[in-house]
Amino acid sequence: STLMRSSAASDVYKRQEEEQANSRAKEFAEDYFNLRFDEAYGNCTEDSRKWIAFRASNITEQDLEAVRSAPEGAYISSTKCQQINDSTALVRCVVCQALAADSLEQQRGRIVPEAAYLIPLRKEGRRWLVRMEGPLQNAK
């Protein structure tokens with residue numbers, strides 16, 4: 001039954017890793033979607049920062065106005081780790097009351113009641129960090 005024990009232990013380990021990836025993605029998304037880009041930087045890999053800077057540089061006065069006048073800030077209603085291995089994870093975050101991420105092509109300053117995003121993470125040392133390879137995309 002050593003096999004049983006080690007498989008149970010690896011399930012526990014996997015669950016812990018999923019929880020850590022989920023909570024990192026949630027913390028990042030709360031900062032990112034509330035336009036707290038400086039805080040978001042702290043939860044992502046070095047090579048992701050250019051994408052956050054890109055997003056920040058495209059925020060308009062209308063966007064800021066929409067965020068300021070929203071009755072509540074953006075919040076994450078759920079996170080689900082969709083895949084995970086030793087070094088990478090993908091977390092689906094459902095974000096509520098956030099500025100539309102596609103406001104570049106849409107009318108600007110639109111607050112969306114709910115949208116799902118896939119947030120990729122990479123493990124660096126013992127920490128899970130968000131690893132953006134482009135602007136965050138809506139999960140279809």
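Me: In what order do the elements of the chain run from the N terminus on?

Reply: Helices (H or I, at least four residues) and strands (E, at least two) are DSSP runs, numbered from the N terminus. In this chain the order is α-α-α-α-β-β-β-β, that is, four helices and four strands. The model is predicted: local features need pLDDT of at least 70, side-chain atom pairs count only at pLDDT 80 or more, and totals for chains, interfaces and linings use all residues. Residues are numbered from 1 along each chain as its sequence is written, and side-chain values use heavy atoms, with hydrogens and water left out.

Me: In which elements is confidence lowest and highest?

Reply: The quantity to read is pLDDT, the predictor's confidence in each residue, from 0 to 100. Where pLDDT is low, the predicted coordinates should not be read in detail. Here the chain averages 89, and 90% of the residues score at least 70. Confidence is lowest in helix α1 (residues 2–33), with a mean of 87, and highest in strand β4 (residues 127–130), at 97.

Me: What are the overall dimensions of the chain, and what share of its residues is buried?

Reply: Along the principal axes, the C-alpha atoms fill a box of roughly 60 × 30 × 25 Å. A residue is buried under 20% relative accessible area, exposed over 50%, and partly exposed in between (1.4 Å probe, protein chains only). Of the 140 residues in the chain, 38% are buried. Accessible areas come from the Shrake-Rupley method with a 1.4 Å probe, and for residues only the protein chains shown count as cover. The chain exposes about 8200 Å², of which carbon and sulfur atoms supply 48%.

Me: What percentage of contacts between residues at least 6 apart in sequence join residues at least 24 apart?

Reply: Contact means heavy atoms within 4.5 Å. Among contacts in the chain between residues at least 6 apart, the share joining residues at least 24 apart is 57%.

Me: Which residues does A100 touch, beyond those up to four places away in sequence?

Reply: A100 lies in the loop between β2 and β3 (111–124). With such sequence neighbours left out, A100 touches R55, R110 and V112. A100 counts as buried because its relative accessibility is 3%. The C-alpha atoms of A100 and I119, 19 residues apart along the chain, are separated by 16 Å.

Me: Why does R49 count as partly exposed, and which backbone oxygen does its side chain reach?

Reply: R49 counts as partly exposed because its relative accessibility is 31%. This residue lies in helix α3 (residues 49–57). A polar contact is a pair of N or O atoms within 3.5 Å; within protein, one must be able to donate a hydrogen and the other to accept it, and residues adjacent in sequence count only if both atoms are side-chain atoms. The side chain of R49 reaches the backbone oxygen of Y41 at 3.4 Å. Leaving aside neighbours within four places in sequence, R49 is in contact with Y41 and C44.

Me: Which value of phi does L35 have, and which does Q97 have?

Reply: Most residues other than glycine have a negative phi, and most peptide bonds are trans. In L35, phi is near 60 degrees, a positive value in a residue other than glycine. L35 is placed in the loop between α1 and α2 (37–41) and is buried, at 17% relative accessible area. Phi of Q97 is also positive, near 60 degrees. Q97 lies in strand β2 (residues 88–99) and is partly exposed, with a relative accessible area of 23%.
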